Amino acid sequence: MDNIKNKIEKLFEGLLWKSRMVTLLPVIFGLLGAFVMFIVASYDIVKVIVYAWHYLILGDHSVDLHSDGVALIIGAIDLYLMALVFFIFSFGIYELFISEIDTIKSSRQARVLEVHSLDQLKDKIGKVIVMVLVVNFFQRVLHAKFTTPLEMVYLALSILALCLGLYFLHKSSHH
């Protein structure tokens, strides 16, 4: 009887262990999402270059190069950072659930993508997400219209809060 129980247990544990392969789905789709975001962000940068060419060389001033160009660049940075979130997420999930990536070990960039625990993955992704939020904040501020002194005070306080948050985020990563 114990022999049958051991065989069932071994079979179940084998199936359970192999079920971790389902984590390949977020790895694959995370990488696909990262590639799409890298392409879209790069397209936005190319648009800024074209706008600058038309504005500076061809003398076409129908585009507000400053506000439209800056908004596109900030939007591209936002997308690049989000793509990095997906990239780090995909590498981390793969390393945690499937296999260590041997090529990373011989690379100088290993520390950025190397993940040894879920907490470490959450920490890396969290820091990039904070940067995404900071960039997104500045993108929104760029288009805001401030009409009262109180609104300017709110802007200054929000920038101060962002600076303090970044300071403590940076401070915690050095301990």
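These legends accompany several close-up views of a predicted model.

The model is predicted, so local features need pLDDT of at least 70 and side-chain atom pairs count only at pLDDT 80 or more, while totals for chains, interfaces and linings use all residues. Residues are numbered from 1 along each chain as its sequence is written, and side-chain values use heavy atoms, with hydrogens and water left out.

**View 1. Domain 1 and domain 2 of the chain.** Let's begin with the overall layout. Domain 1 covers residues 1-99 and domain 2 covers residues 114-174, with bounds that come from an automatic or database domain assignment. Taken over C-alpha atoms, the centres of the two domains are 21 Å apart.

**View 2. The interface of domain 1 and domain 2.** Here 17 residues of domain 1 are in contact with 17 residues of domain 2, contact meaning heavy atoms within 4.5 Å. The size of an interface is often given as the accessible area lost when the parts come together. About 1,400 Å² is buried between domain 1 and domain 2, and carbon and sulfur atoms give 82% of that area; buried area is the accessible area (1.4 Å probe) that two parts lose on being put together, summed over both. The side of domain 1 that touches domain 2 has 12 nonpolar, three polar and two charged residues. In this grouping, Ala, Val, Leu, Ile, Met, Phe, Trp, Tyr, Cys and Pro count as nonpolar, Asp, Glu, Lys and Arg as charged, and the others, Gly among them, as polar. One residue pair, both at pLDDT 80 or more, is in polar contact between the domains. A polar contact is a pair of N or O atoms within 3.5 Å; within protein, one must be able to donate a hydrogen and the other to accept it, and residues adjacent in sequence count only if both atoms are side-chain atoms. Zero salt bridges are found across this interface, the rule being a side-chain nitrogen of Lys or Arg within 4 Å of a carboxyl oxygen of Asp or Glu.

**View 3. Asp44 and Lys47 in helix 2.** The whole structure holds three salt bridges, and here is one of them: the closest N and O atoms of Asp44 and Lys47 are 4.0 Å apart. Both residues lie in helix 2 (residues 24-56), three residues apart, about one turn of the helix. Helices (H or I, at least four residues) are DSSP runs, numbered from the N terminus. Asp44 is buried at 13% relative accessible area, whereas Lys47 is partly exposed at 27%; buried means under 20%, exposed over 50%, and partly exposed in between (1.4 Å probe, protein chains only).

View 4. Lys122 is exposed at 57%, and Asp119 is exposed at 54%. Asp123 is partly exposed at 41%, as is Lys127 at 22%.

**View 5. Ser62 in the loop between helix 2 and helix 3.** Ser62 is exposed, with 61% relative accessibility. Its side chain joins that of Asp60 in a polar contact of 2.8 Å.

Terms used: Helices (H or I, at least four residues) and strands (E, at least two) are DSSP runs, numbered from the N terminus.
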